[in-house]
Each structure stands twice: as structure tokens, then as C-alpha cells.
Amino acid sequence: MAALAPTRLPIYRLLLRSQVSRARVLALLAIGIVGIVVGFAIGAGDRIDELRAGARFINTFGLSLLVPVTALVFSAAALGDPSEDGTLVYLWLRPVRRSRIVIAAAASSFTVAWPLVVIPLAVAAWATGGGSALVTATVVASTLALVAYTGIFCALGLRVKRSLVWGLLYIFIWEGFVATANDTAGRLAVRTYSRSVLTEIADVTLRFSAISSPYRWIVPPLVAVVALAYATRRLRRQDVA
Amino acid sequence: MTVLLPPPPPPPPPPVPADARIVVERVSKWFGDLVAVSDVSFTVGPGVTALLGPNGAGKSTMLRLLCGLTPPSQGTVAVFGGNPRDDLSLTRRIGLVPQQETLFENLSALGFVRLAAVLHGLDDPEGAARSALAVVELDPDEPRPIAGFSKGMRQRAKVAQALVHDPDVVVLDEPLTGLDPRQRLHLITLFEQLGAAGKTVLVSSHVLDEVERFGRRVLVMAQGRLAAEGDFHAIRDLMDDRPHRVRIRSDRARELATGLLERGVVVGVRLGDGDDVIVDAVDAARLRREVPVVAAELGARLYEVAPLDDDLESVFRYLVGG
């Protein structure tokens, strides 16, 4: 935090406080706990390949559901809520670079989403019996995915009203359906890259995980950077209530 | 042979006063099909200027334009010669009290105003925030978060955050809403003091009597246009010259209206369904004097004498010739 500019830190704190509501945290915590329970259930089953079963579960539950939905809930609200309720004016009308506001928003939503996503998924991965490789792969892949989704949904929150609805459509229609048509379409979904990272570290094979290194490592953060740059431009140009 | 001459050039804009801090030139703003501000030009210098207009006149849009919160669709807005939309350094010189009530609800008043001070890069944000809160008579040590504040407390917190960095231009959008009479008086006095200290204070209101106390200079907006500009009393006199429409209810309403018409007190009469007539009078004061006299002469009982167009909307309709 020492590296944060003096004006960025208070914005980060402010947005962090505004995002952390008991209802949001409890709801997402409950989903994470469900994941842990299912992880134990998988681990208790009589399976030959526990690593593959665990990886499939982390991919299906974690990378396809928990990570994007949690990122959506917090990131879309980070700047979307102030924009809609008019309080953005109290940040906008200050001599603070717009990029600092956007970065503070993304950092705050990442801060609150990371423990709600990565810790339950890591525990679930361990519970499946997939071993330390799966746990490491889960932590890295879900963190990488969270970075990308944080950028995307921060920008979405500024761009559209009812960003939650649009975000869910993106997650379930685009990433969950359209982007699974073939490998080429799969390259247009964040989860394909995080799945590729998961399979590389855990050394397992899953469908639609054929993104080669280094792209599987580079593209998710790059997506976040591009999305946040767009959000900065948007913040600079949009009407403020 | 017909020679087509080029159209004459538009008249040059009036010279900008040397002390003008806000210069608005031929500004229009539309949102889709809705024209919120139409071809408005004015300048504002030091002192208190009131922006007056009925709800929906375009006042808030105009104030947002002045602060750079939205760009003009046409025309230019300059504050200290710069574009408030692009020039980030201008935010140090502008303080805005926006109309919307929502604030950072989790913060205390001190936290809210201190945040503004920090973001403005003040050396002593805590001290500046405490001073600004004291100016608006809010307790800096009030532990409650803003979520528990009354409307009046919220208004004062908004004013404090706008003043905390000692801006040269203070823009206030309906700042007296929700305040009790004592707080209103306090803030009006504060605005006068800021104006006397050389600040540019632009205050919007839709309450005519409220504006009279802000200062002599007013800008009157109606239907997105600048309907009048200048000394308040001159505009008020102009408003008083318009025909007044009054409903008179009496047991002998028709005879009463005839009597007023014969005396030249009213210039038009419309008969109502029952015991009422609607009359148009040029001189409202004379009408008020003459109605009881004529009623007494006729032995008529008066039930009601009610002005129908004393509201601001009708005043502004008159000003814009609508």
C-alpha cells in the first residue's frame, strides 16, 4: 500500500467500505462453503483419478461460476454504484487523475473478492484429494481469472446500467455457451485461459484448455489492463450526475 | 439578374467583463430529443449571483455544465479561462453543492469532508474539515454516519465539502432545501460573506422569495433559455407588470365582475360554473383594494379571492412569452 499515491489510498478505502456489505459477503461465502462441501464429497468418493475429478470440479464450479460471479458482484459495484447514485461527483470533482480512481476501484474489489474466491476454492481443491499441485493450480488460476474479470466488470459497471444483469449474461451466455463452440471461440473467454493455467500447473487434461504458454499467462492481465484503460477513458468522458 | 448576398454575420457577442470568472457563450445541451439548455450566454463575476427558475428550467444542467460534469452539446463554457471539463486543475478552484442527496453513507460528516480535503491535497485535511464543518454549524465530532443524518444535516455536510478547499467559485444547486428557517438564514449570511470576500457564488433556487435574499444579481432560466438577467428588483418589477389572473367566489360573482370591469380594475372576465368568476387584472394591488369596495357597494358576500398565477411557473411563462 505504501506505493499507492496519497489520493489513491483514501479512494481505495472508501470504495472498499462501500462494497463490503454483509449480504453480499454472506451470500458469496455461502457459495464458497457449498464448493468446499462438494469438494469433500468428491474426495470421499471412490475414484481412480482424484486429480482429474478435482480439476474438473474446480473448473466447473470455481473458474466458471464462483470467480466470475464474485468479481461481477464487487467490481461492477465499485464504480457502478457511485455512478448511479450520484456520489461519483464527490470523487470526480477533485484534482485526482481518473486512472487513479479506476485503479483504486479495481484494487478494492479485488481485495474483497480474492479471499472469498481463492480460499474456499483452495480448500475445496484440497478436499477433493487432488494433491498440492491442484491446490497451487487452483490458487494461481483463480487469481489470474479474478484479475481479468475485475477489469472487465469494473468497466462494465461504468458503461451500463443494470450491470449485474449484463454481467450475468456475459458469464453464462458468452463464456458459458458461445465461447465453448470450438477452440477458436474459446479464445474469447477468460475462463479458457484460466483453465489452461489450471491444467498446466496441475498437469491434467480438460476440454477447451489448449491455450499455449505464454498466452495463457499474458492474456488475462492484458484484458484487465485494456478494460481498466477503457474505464478510465469512460470516466473521463461520461456525464456525471 | 438577382444577386444573392451572403447572410450577414451574426452579431458579435457582448464584451466579456474584465472580472468575469465564468463565461458561458451560446451554450446548448440536449439529451437525445430533450433540449435542457438552449443557446444560453452569460458571464458571472465575483459576488453572489442567483440562478432562478422553475423546476425543469435547466438550472441543474447549467450548473453541471459550469463544473464540467457534462460537456455542452454546443457552445463553450470557461471558468477562469479554462475548460472545466478537461482542466483537472480547475477542480481546485471550484466547489460544488450538487442537488442529489446521496452521500457516502458509511462515513461520518468529518470523514466525508476530510476525504474532500485529502483529495484536494490540503496540508492539514483534518483541520480544514473541522473548520468547514464549523462554518456550517455541524459538529465535527458527531459520531453518527451520514446515513443517520436529517436532510438539513446532509445539506450542510454538502456545503462543507464544497468549501473545505477554499475555492474561488462556489456553485450551489438548491442548497437551502430541507433546512429550517434558522439554518437558511445562516447559510444565506454565509453566501453573502463569501461574495463580499470576493468569491464567485452562484446559487440556484426555484423559490422566488429565497432568491431575493441572496443578492441583487439574478439569472432567470425558463424552458432551457435565459429569460432574464440583471438586477433582481428590475426583474421583479417586470414580473409585477404582467396581467394577474384571480378567482373570485361570491354570492353575487357576476355582478361583482361587472362592477370591476366598469371601473377598469379588470381587463377580462371569465364566468365560472357556479359562484365564481375568473378575472384578469393588470394592477394586482388595485384589484386587491377594489374588490372589497365593490363587494360592499353591491352587498355581496366574498367567499374567496385567490390568485391563480402567482406561482413561479406562470411568472416564467410570462417572461418567455409562453
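Two strands are taken to pair if DSSP finds at least two bridges between them, and in this predicted model the bridges of strand E8(B) include one in which Thr49(B) has Arg217(B) as its partner. That contact between strands belongs to a parallel pairing, in which strand E3 (residues 47-52) of chain B and E8(B) are joined over four bridges. On the other pairing described here, E8(B) runs antiparallel to strand E9 (residues 225-231) of chain B, with six bridges joining the two, and Ala222(B) has Arg225(B) as its bridge partner in E9(B). E8(B) and E9(B) form a hairpin with two residues between them, and in its turn Gln223(B) has a positive phi of about 50 degrees. Five of the six residues of E8(B), which spans residues 217-222, are buried, so the strand is largely enclosed by the rest of the structure.

Chain B as a whole contains 10 helices and 13 strands. Of its 322 residues, 42% count as buried, and among contacts in chain B with a separation of 6 or more, 67% are accounted for by residues 24 or more positions apart. The domain assignment divides chain B into domain 1, covering 22-236, and domain 2, covering 239-321; the centres of these two domains, taken over C-alpha atoms, are separated by 39 Å.

The largest nonpolar core comprises 150 residues, and those with the most contacts inside it are Cys154(A), Val113(B), Ala157(B), Ala160(B) and Val171(B). The element that gives the most to this core is helix H5 (residues 98-127) of chain A, with 18 residues. A second, separate core has 16 residues, including Val246(B), Ala281(B), Val291(B) and Ala295(B). When its neighbours within four places in sequence are left aside, Val171(B) is in contact with Leu63(B), Leu66(B), Cys67(B), Ile94(B), Leu96(B) and Leu202(B).

Between the two chains, 17 residues of chain A are in contact with 22 residues of chain B. Helix H1 (8-19) and helix H4 (89-92) of chain A each supply at least two residues of the side of chain A that touches chain B, and the largest share of that side, four residues, comes from H1(A). By class, the side of chain A that touches chain B consists of nine nonpolar, four polar and four charged residues.

As to the confidence of the prediction, the predictor gives the complex an ipTM of 0.85 and a pTM of 0.81. For chain A the mean pLDDT is 91, with 96% of its residues reaching 70 or more, while for chain B the mean pLDDT is 87, with 87% of its residues reaching 70 or more. Within chain A, confidence is highest in helix H6 (residues 132-159), at a mean of 97, and lowest in helix H8 (residues 183-186), at a mean of 83. Over residues 1-5 of chain A, pLDDT stays under 50, and the model has four contacts beyond four places in sequence for this stretch. Where pLDDT is low, the predicted coordinates should not be read in detail.

Definitions and conventions. Residues are numbered from 1 along each chain as its sequence is written. Chains are lettered from A and ligands numbered from 1 in the order in which they are written. This is a predicted model: local features need pLDDT of at least 70, side-chain atom pairs count only at pLDDT 80 or more; totals for chains, interfaces and linings use all residues. A nonpolar core is a set of buried Ala, Val, Leu, Ile, Met, Phe, Trp, Tyr and Cys residues joined through C-beta atoms within 7 Å. A residue is buried if 20 or more other C-beta atoms lie within 10 Å of its own, exposed if 12 or fewer, and partly exposed in between; C-beta atoms are placed from the backbone. Two residues are in contact if their C-beta atoms, placed from the backbone, lie within 7 Å. Domain bounds come from an automatic or database domain assignment. Ala, Val, Leu, Ile, Met, Phe, Trp, Tyr, Cys and Pro count as nonpolar, Asp, Glu, Lys and Arg as charged, and the others, Gly among them, as polar. pLDDT is the predictor's confidence in each residue, from 0 to 100.
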